[in-house]
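The sequence and the model are shown first, and the description follows.

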Amino acid sequence: MAAIIATTAATPADRSAHPARRSAVAGFLLALPPVVVIALFVGVPVILALAFSVGFTGGLNTVIAAVGQNVHRADGIVPSFGAYGDVFTTEAFWQDLALTLAVTVASTAIVVVLAGGIGLFLRLQGGRLARVLSVIAIVPLFIPVVIASWAILTFYAADGFLRSLLAQFGIEGPVWSYTAVAIVIGSAWTSLPFAVLMITSGLQSIPDALIEAARDAGAGTVRIVRTILLPMSAVPLVIAVTFTAIGVIGSYTVPYFTGPNAPTMLGVSLASYFTSYNQPQQSLVMAFVVFLAAAGIGALYVWANFRSARREGRI
Amino acid sequence: MPRAISAVLRTTGATAFAITLLVFVLGPLLWLGAHAFAGSWTYPNLLPDSWTLRWWQTVFTDPALGSSVQNSLLITPIVVIVSATVCLPAAYAFARFEFPGRRLFLIGLFATNAFPRMGLFATLASLYYALGLMNTIAGVVIVQLLGTIVFMTWIPAAAFAAVPRSLEEAARDAGASRARVFLTVTLRLALPGILVGAVMAFLAAFDEAQGTYLVGAPDILTMPTEMYSLVLNYPKQVAAVFSILLAVPSVVLLLAVRKHVMGGQLAEGFQIK
C-alpha cells in the first residue's frame, strides 16, 4: 500500500495534463476515508497485537503489558513465543479449537442445505409456498443476535417448546440449551438470511430457457441441478459459504449465550482470557489462530470472485 | 401410477421442508414473544397458565432500561450518518473510477470481517487508552462504525455501478450540468441500494454489543449491552419484553426496504467487480 501512495503522491504536478490520471487521483482520494478508518482502527491494533503477542511490550503496548498477567517479554529484538507455547500446550485450547471448527462446519452445512433447498424450490417449482418460505428465511436478519440467542436458548431449554411438545406425546425430549447443538442451531439461524439472499438471487439469474431446454432433452431434476444450476450459481454459493463460515468461526454472542462453559468456541474463550483471566497475550494468540482460519476461508472467497471476473472478461 | 406417487412424495417432501423451516425460524421468536405476556408457565404446557402485562410495566418504569433505549436511539443514527459520510463517496469511486489499489482497498475492507470481533476489540483497548476514547460516545461510535463500513461501501458501490452510463450521458447531452445529472439521475437510481446499505449499517450498529460493552460500560449502555445484564438479573419475561422492544426498530426499517433487499441489492453488493 505504501507503494500505491507513493505513486499517486507524485501525480498532482502534472495532473491537469492527463484527464485519465486525474480521475484516478480523484477516485483514489474519494475511496480513501473508509480505508483510513479501517487502517487506523483495525490495521494498527492488529499489528500492535501481533507485536505484543511475540513479546514486544513497548510503545502503545505498555499499558496492556503492565496490566496483564503472565506476559512473556521479548529479549531485545528477539521475539518470545512464550504465549504461543502457553496456549498450544493447554489441553482446553485444542478442545475449543476442535469445537470451533466442528460448529463452523456443521452450521455452514445446515445453512447451505436450507438455503439451497429454498433456492431450488423457488427456482424449479415456484409458487406461493416457495415465495413465503423465502421471505420467512429472511426474518432472522430483522432480529438482533442477542435476542436470537436468547430465544433459541429458551426454545430448546429443559422447559422449552421442543421438550414441552414431545412431552405431550409422552416422549422425554433432549435438552439442547447450553450444549454445542444449541450453538450450531443458533449460528445457522443467524446466518440463514444472508445465504438465502445470495443463493436465491444466484439461482434466479439463470435463464429459464436453459432449464427448459434441458428438460426437453429429457434431463431429470437431479441432472439439471448438477449440470446447470450448481455450476452456474457457483460464485454466489461460494460467497454464501465463506461469509457464513467466517461469521460463525469468530462469533461470540451465540456461543456465549447458548453454549456450554467448557469446551466453548474460541471467540468466547479468548474473551474470557482477556477479561476474566487477565491474560491478554494468550487471548491475542487465540485471536490470531481464529484469524488464520478465517483468512483461509476468505482466500476462497477472493479466488471465487476473481474466477468469475475473469470468466466474464473483466480482467 | 409411479408418476402420481412421485408427485405425492414431492408434495410431502415440500410440506415437511416448509414446516421444519417454519418451526426452525419462527418457533423460537414466537416462544419468546409469548413469554413477554406470560404470568406463570408450567412445564410441559404449550401455553402459559395466565396472561399479564406487568413485565411491560417493569421495563417501562426501570430508569436504567429507559436510558439504554435513549442511548441506542441517539448513538445508532450518529453512526449511520458518519458511516454514510465516510463511505458513500468511496462507494461512488469504487463504481466509477479506475485507480491503483482499487481491488486491494475493496478486499482490505472485507478483510476486517475475517479478524474475530472479540480479538479486535481486545486489541483496540491499547489504542483507545492512548487516544482517550475509552468511555466516551466518540469511542462507542467508532467501535460501531467499524462493522458498518462493508455494508455502506459495497452495497451502494454495486448500486452506483448498475446505473447505466448512457442515461447519464443522455442527460449531459440534453444540457444538464454535471451536478444536476448526479443528483437527478445517478443518485436517484442508486438510492434503493444506498438505502439497503444504510439499513444494514443501522442494524449492524444497533446490534453491536461486545465492542460497545468493552468501550462504553459502565457509563454508556445501549440496548443490546443492557440485554446481557438483563438476562442474568431479571426474570425470563422481562428479557422477553426487552427483546420485543429491541426488535422493533429493525423490523420497521427492514419492512421499509424489504422489496429492495429481496430484489437482490444486498446479494449484488457482495460480489467484487
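What percentage of the 273 residues in chain B do buried residues make up? Buried residues make up 53% of them, where buried means under 20% relative accessible area, exposed over 50%, and partly exposed in between (1.4 Å probe, protein chains only). The model is predicted, so local features need pLDDT of at least 70 and side-chain atom pairs count only at pLDDT 80 or more, while totals for chains, interfaces and linings use all residues. Residues are numbered from 1 along each chain as its sequence is written, chains are lettered from A and ligands numbered from 1 in the order in which they are written, and side-chain values use heavy atoms, with hydrogens and water left out.

**Chain B as a whole**

Chain B contains twelve helices and zero strands; helices (H or I, at least four residues) and strands (E, at least two) are DSSP runs, numbered from the N terminus. The C-alpha trace of chain B spans about 75 × 70 × 35 Å along its principal axes. Its radius of gyration is 23 Å, whereas a compact globule of 273 residues would have a value near 19 Å. That radius is taken over C-alpha atoms, and the globule rule is 2.2 Å times the number of residues to the power 0.38. Of the contacts in chain B between residues at least 6 apart in sequence, 71% join residues at least 24 apart; contact means heavy atoms within 4.5 Å.

**The interface**

Chain A places 99 residues in contact with 91 residues of chain B. The two chains bury about 8400 Å² between them, with 82% of it on carbon and sulfur atoms. Phe41(A), Phe142(A) and Trp150(A) supply 9% of the area that chain A buries against chain B, more than any other three residues. Buried area is the accessible area (1.4 Å probe) that two parts lose on being put together, summed over both.

Thr123(B) is in helix H5 (residues 117–131) of chain B, and it touches Pro45(A), Val46(A), Ala49(A) and Leu284(A), not counting residues up to four places away in sequence. The C-alpha atoms of Thr123(B) and Arg165(B) are separated by 44 Å, although the two residues are 42 apart along the chain.

**Selected residues and their accessibility**

| Residue | Relative accessibility | Class |
|---|---|---|
| Thr123(B) | 3% | buried |
| Asp96(A) | 7% | buried |
| Gly55(A) | 2% | buried |
| Asn278(A) | 24% | partly exposed |

**Details in chain A**

Gly55(A) lies in the loop between helix H2 (19–53) and helix H3 (62–67). Gly55(A) and Phe81(A) are 26 residues apart in sequence, and their C-alpha atoms are 7.4 Å apart in space. Beyond residues up to four places away in sequence, Gly55(A) touches His72(A), Arg73(A), Ala74(A), Ser80(A) and Gln281(A).

Asp96(A) is placed in helix H5 (residues 91–125) of chain A. Among the residues touched by Asp96(A) is Pro263(A), which lies in the loop between helix H13 (253–258) and helix H14 (266–275). The peptide bond leading from Ala262(A) to Pro263(A) is cis, with omega near -10°.

Positive phi values occur in loops of chain A as well. Tyr178(A), a residue other than glycine, has phi near 60° and is found between helix H8 (161–168) and helix H9 (180–204). Asn278(A), also not a glycine, has a positive phi of about 55°, and its place is in the loop between H14 and helix H15 (280–311).
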